[in-house]
2 protein chains.
Amino acid sequence: MTVLILTSEQDVTADMVVVHLNASAVPVVRLDPADLIGGAALSGEYVHGSFRGHLWSAGRLVGLDGLRSVWVRRPGTPASRVAEPSEWLTEESSQALYGMLRSSGARWMNHPDAARRARYKPWQLRLAQRSGLPVPATLITTFPQAARDFAARFPDLVVKPVSGAHPQEPPRAVPTSRVAPDADFAAVAFGPTLLQRRIAKRADIRLTVVGERMLAARKATAPDADPDEVDVRFAPGDVPWRPSDVPPRIADGVRAYLREAELAYGAFDFAEDADGTWWFLECNQSGQFGFVEVDTGQPIARTIAEWLARPVPENAPKRVNGTSSRVC
Amino acid sequence: MTVLILTSEQDVTADMVVVHLNASAVPVVRLDPADLIGGAALSGEYVHGSFRGHLWSAGRLVGLDGLRSVWVRRPGTPASRVAEPSEWLTEESSQALYGMLRSSGARWMNHPDAARRARYKPWQLRLAQRSGLPVPATLITTFPQAARDFAARFPDLVVKPVSGAHPQEPPRAVPTSRVAPDADFAAVAFGPTLLQRRIAKRADIRLTVVGERMLAARKATAPDADPDEVDVRFAPGDVPWRPSDVPPRIADGVRAYLREAELAYGAFDFAEDADGTWWFLECNQSGQFGFVEVDTGQPIARTIAEWLARPVPENAPKRVNGTSSRVC
């Protein structure tokens, strides 16, 4: 049974996982959807009530019923590397590839539907609340008056994008920032704005969850840190990430979150306050882990490889929608 | 409790449903996401472990916990009607609106995740097979040789887009067409191609399903019909649609299909052959129904209104992901 990795050729993080799979002699096929149609190809036949499908990539042929898992890492846009790319060909190729994979019965990290849903920040915040995780008071609004009322109740605020998009992806160059005390919020009427009570943090927490395994890393806030520097992604990098234990209540909440979100992988960001409380900031279903592994030595890549390599249970109900992690 | 309809102002099909809701005195709020931010607005607050959200559209304010159902009809692109539209604002507005609605606990017709998945034609074909519906022999491939082999086994074929996109949406101007006997299939290498055994049909069937209710319509093939004219959407319109019974085996299959697909609404297209067998062609989760209602007099709009107006069950488990039609 083969592991299928959907990612680009330049993805060195995927390389880290492939090393472990190779060491265990688990067959791997790596496919970049951008290489359709040419470097990669596909075929599926629906005859007499059954389905037989095949993928071909980098000289290797694999049957869809021979897939044990699919890792959606950093797949390219389908058919974007052909001589004359078009929206039409991308749509057709995307439908053909993902439409077939969705029928394969393989385990997903993460299933495309779960991955898509998991990106909605307002949904994340509500799910975190329901899962029992501490969530800083948050407002998402297009009403300036609602923003003013909120700022009166919670004077120390940060503002961040609703979409939670990474600032490194232009044109979304909006890091999390502290709100100036004299902000008048009139601009709220021109776009949804996310305001959140600032956590006076003594550390950033990155909790990487792979299946049932939790690997937490903690980065202490430098004593001389500028309180206006709230986005850890842009903070000076001299303090390293260190392994950390996970408080039992947080572990319970995270398990509940991932179960409901139907995610096999999630990278949680928390802010730790002076009392040691971990405040939920977000869960990125495709969050990077290389920098944590390098700093802490935690075996994240190996844990992912082990999850992907797990044998398919004999009596697993083959769900057409493929979210076999769902227990129902 | 209010019914929320996400659609454009010009949507006359939605008007048909609103008439019935008004007659039953069910509160309705109609919102076009394109009217964000200006004609429509939103606000949501996450404080002390709970969530309170509101939508405002056309002068009406509704609380998200006061929604009984959401009908996703023909919503516009979020925030596309502002003075200076941008991808960024559309993304932020989409995240804010749908992210909050996903936490509302309302019943969906159809839930965005189910709707998205339901568009994958290869997934549809496999699900139809597993649901016990007759599916014509089909091949989706980028291998010319696979196409040639398939044509040798099934000489009478049609070709259609994999994405099942409607030909009226440029640039996807590809109606279903009959394959010429001398086709050489070399072009298959340039894009995924869907080949399907042509059903020599004596009628087209449109089966509209609303919740548990099935409304079937049948359009007999004209005796002098050109066998090359396989796409009913482009056939001459002189033969009207007539109400039809649903064979019990098809009804069972359709129920299984919609249960697994988690759809509250689906428009199925079948081809009826000389033996009376209904062959599954596709299920469109947002298929039009106005033309069927006009021809047959079947009360589709009223049935949709009744589904949307159903009271929320007292003890319904409020799922964060909102697919409350799922029984698990």
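Q: Before we dig in, what counts as a salt bridge here?
A: A salt bridge is a side-chain nitrogen of Lys or Arg within 4 Å of a carboxyl oxygen of Asp or Glu. This is a predicted model, where local features need pLDDT of at least 70, side-chain atom pairs count only at pLDDT 80 or more, and totals for chains, interfaces and linings use all residues. Side-chain values use heavy atoms, without hydrogens or water, residues are numbered from 1 along each chain as its sequence is written, and chains are lettered from A and ligands numbered from 1 in the order in which they are written.

Q: Thanks! Which residue does B:Asp35 form a salt bridge with?
A: That would be B:Arg81, with the closest N and O atoms 2.5 Å apart. B:Asp35 lies in the loop between strand 2 and strand 3 (40–47) of chain B, and B:Arg81 in the loop between strand 6 (67–72) and helix 2 (87–101) of chain B, so the pair ties together parts that are 46 residues apart in sequence. Helices (H or I, at least four residues) and strands (E, at least two) are DSSP runs, numbered from the N terminus.

Q: Is B:Arg81 buried or exposed, or partly exposed?
A: B:Arg81 is partly exposed, at a relative accessible area of 47%. Buried means under 20% relative accessible area, exposed over 50%, and partly exposed in between (1.4 Å probe, protein chains only). B:Asp35 is also partly exposed, at 23%.

Q: And B:Asp113, which partner does that one meet?
A: B:Asp113 meets B:Arg102 in a salt bridge, 2.9 Å from N to O. Both of these residues are buried.

Q: How many salt bridges are there over all chains?
A: The count is 32.

Q: Switching to rings: how many aromatic pairs over all chains?
A: There are 20. Rings of Phe, Tyr and Trp (its six-membered ring) pair if their centres lie within 6.5 Å; planes under 30 degrees apart count as stacked, over 60 as edge-to-face and the rest as tilted.

Q: Why is the pair B:Phe270 and B:Trp278 called tilted?
A: Their ring planes stand at 45 degrees, with the centres 5.5 Å apart, so the pair is tilted. B:Phe270 is buried, at 1% relative accessible area, and B:Trp278 is buried too, at 4%.

Q: Last one: which ring does the charged end of A:Arg102 sit over?
A: The ring of B:Tyr120, 4.4 Å from its centre. A charge sits over a ring if NZ of Lys or CZ of Arg is within 6 Å of the ring centre and within 35 degrees of the ring normal. A:Arg197 likewise lies over the face of A:Trp279, 5.0 Å from the ring centre.
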